[in-house]
Amino acid sequence: MSTNFLVKGWCPNALRPMASGDGLIVRIKPPGGRLGAREASEIAKLASRYGNGVIDISNRANLQVRGVREQSYDGLLSGLMELDLIDANADAEANRNIIVTPFAVTDDLAHTLAEDLSHALAKPNAPRLPGKFGFAIDIEEAPVLRSAPADIRFERASDGSLVCVADGAGTGAIIAPDTAVEAAVALSRWFLDTGGMVDGRGRMAAHIARGTPLPERFTAVPRKPEAAFKPTPGQTEKGWLVGLAFGQMSAQTLAALAQLGPLQLTPWRMVLIVGLHQRPELQDVITDADDPLNRVVACVGAPSCPQAHQPTRSLARMLSAHVPNGSQLHVSGCAKGCAQPTPTPRTLVAGPTGFSLIHHGRAGDDPIGAPVSAEALIANPTRINEAV
Ligand code: SF4
């Protein structure tokens with residue numbers, strides 16, 4: 001297994017931007033993942049004015065404005081503050097990692113819980129959690145966020161009761177809506193008190209996997225089986241899911257999306273255009289479940305990431321048509337595998353001399369065979385499918 005990359009262990013946010021090869025990355029966490037037309041179009045303007053006009057959607061349903069120059073950062077921050085998208089202080093901003101099911105699009109319980117949890121996590125006496133620690137509010141009839149990164153989850157039990165679950169555990173605690181946030185905060189304190197965080201890092205699933213016994217209350221009910229849910233671009237009951245190749249769009253695309261309806265960000269490199277029930281006529285978005293670009297995932301690669309050995313997305317785009325429908329190719333700029341932490345049928349990992357192929361594994365796993373250049377892969381693209 002390769003570990004030839006830097007482990008940073010923290011997540012950028014608007015008050016703690018991260019330097020990248022193309023400037024600062026400023027992460028915006030819209031409350032509940034929702035953006036009205038004005039907010040979305042103003043973010044698009046800010047990204048063009050203060051960044052390089054490129055916007056990512058993260059696997060936590062946040063936006064990242066890329067290419068922000070240091071001298072432009074304060075202007076961007078002021079603009080985001082005017083839109084009320086930034087917390088009052090860095091601790092609160094760092095703690096507010098909450099993903100809400102994209103299909104709860106009205107002012108219902110999911111968004112009320114998200115708002116109450118945000119307030120609880122912003123209190124001066126709130127637990128100070130690891131940077132990657134987060135919460136998922138996944139309380140529609142069947143869970144859809146199980147593969148999204150979160151440490152404490154609100155879900156439904158088989159009888160419809162609300163449950164609070166530690167990620168990685170097979171059981172949870174039944175909770176009432178008015179005490180749900182209290183239960184989640186108590187569980188996050190338990191995580192800290194029982195040694196879940198070391199040197200500012202730690203995740204719940206790993207803590208549970210080490211055999212740390214949960215408080216008795218959190219062993220009360222079995223979790224519901226995972227829903228057979230695979231998000232794809234196209235029509236849903238709540239609106240049109242639009243895919244973004246590699247989870248990235250231009251400021252112009254965000255501005256165009258904003259014209260079509262309120263937006264709900266998802267952790268699946270897609271945006272839900274709430275209430276839209278006809279295919280949007282937009283350039284540079286994926287509106288179809290069969291589009292080959294749905295089958296490839298790639299990190300930003302070179303030159304935007306200083307750790308990347310090669311460009312990634314141009315290669316992934318060229319190979320996408322050779323990935324069988326229903327399967328996936330991950331192209332990673334280094335062994336860290338930021339874009340896809342879980343195994344995929346085929347992964348290409350860049351190194352100094354070319355791309356190594358891994359079958360049914362992660363970017364850090366052992367490759368098969370010697371590295372191959374991007375040019376050789378383009379000349380013979382089906383080699384990515386050999387022996388998969
Ligand atoms: S996986 Fe990609 S984005 Fe992550 S550190 Fe490596 S090159 Fe950079």
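Reply: Glutamate 93 lies in helix 3, which covers residues 90-95. Keep in mind that you're looking at a predicted model. Is glutamate 93 buried or exposed? Its relative accessibility is 0%, so it counts as buried, the cut-off being under 20% relative accessible area. Who surrounds it, then? Skip the neighbours within four places in sequence, and glutamate 93 is in contact with Asn13, Ala14, Leu15, Arg27, Lys29, Leu85, Ile86 and Asp87.

Now try tyrosine 50, which has its place in helix 1 (residues 37-50). Tyrosine 50 has a relative accessible area of 15%, so it is buried too. Not counting residues up to four places away in sequence, tyrosine 50 touches Gly67, Val68, Arg69, Ser72, Gly75 and Leu76. For a sense of scale, pick out glutamine 328: from tyrosine 50 it is 278 residues away in sequence, and the two C-alpha atoms are 35 Å apart in space.

Arginine 146 sits in the loop between strand 7 (135-137) and strand 8 (152-156). With a relative accessible area of 17%, arginine 146 is buried. Leaving out residues up to four places away in sequence, the residues it touches are Asp138, Arg153, Glu155, Arg223, Lys224, Pro225 and Glu226. Arginine 156 is 10 residues from arginine 146 along the chain, and 12 Å separates their C-alpha atoms.

Next, follow the chain to strand 9 (residues 162-166) and strand 10 (residues 171-174), which pair in the antiparallel sense over three bridges. Here cysteine 164 stands opposite alanine 173 of strand 10. The two strands make a hairpin with four residues between them, and in that turn you'll find glycine 168, whose phi is positive at about 95 degrees. Strand 10 has another antiparallel pairing, over two bridges, with strand 11 (residues 221-222). There, glycine 172 has valine 221 in strand 11 as its bridge partner.

Further along is helix 7 (residues 251-258), where the buried residues are Ala251, Thr253, Leu254, Leu257 and Ala258. They take up an arc of only 160 degrees around the axis, which means they are on the same side of helix 7.

Then comes an open sheet of five strands, ordered 17-18-19-20-21, with mixed pairing. Which strands stand at the edges? Strand 17 (296-298) and strand 21 (368-372) do; each has a single partner strand, so one side of each lacks a neighbour in the sheet. On average, neighbouring strands in this sheet are turned by 25 degrees against each other, direction ignored. Within the sheet, strand 19 (residues 344-351) and strand 20 (residues 354-361) are joined by seven bridges in the antiparallel sense.

Last stop, the ligand. Around it are Cys299, Cys305, Gln307, Ala308, Ser332, Gly333, Cys334, Lys336, Gly337 and Cys338. Sorted by class, this shell has five nonpolar residues, four polar ones and one charged one.

Conventions: Residues are numbered from 1 along each chain as its sequence is written. This is a predicted model: local features need pLDDT of at least 70, side-chain atom pairs count only at pLDDT 80 or more; totals for chains, interfaces and linings use all residues. Side-chain values use heavy atoms; hydrogens and water are left out. Buried means under 20% relative accessible area, exposed over 50%, partly exposed in between (1.4 Å probe, protein chains only). The arc is that of the directions from the helix axis to the C-beta atoms. A residue is near a molecule or strand if one of its heavy atoms lies within 4 Å of it. Ala, Val, Leu, Ile, Met, Phe, Trp, Tyr, Cys and Pro count as nonpolar, Asp, Glu, Lys and Arg as charged, and the others, Gly among them, as polar. Two strands pair if DSSP finds at least two bridges between them. Axes are lines fitted to C-alpha atoms, for helices over the stretch in contact, and angles run from 0 to 180 degrees between N-to-C directions. Contact means heavy atoms within 4.5 Å.
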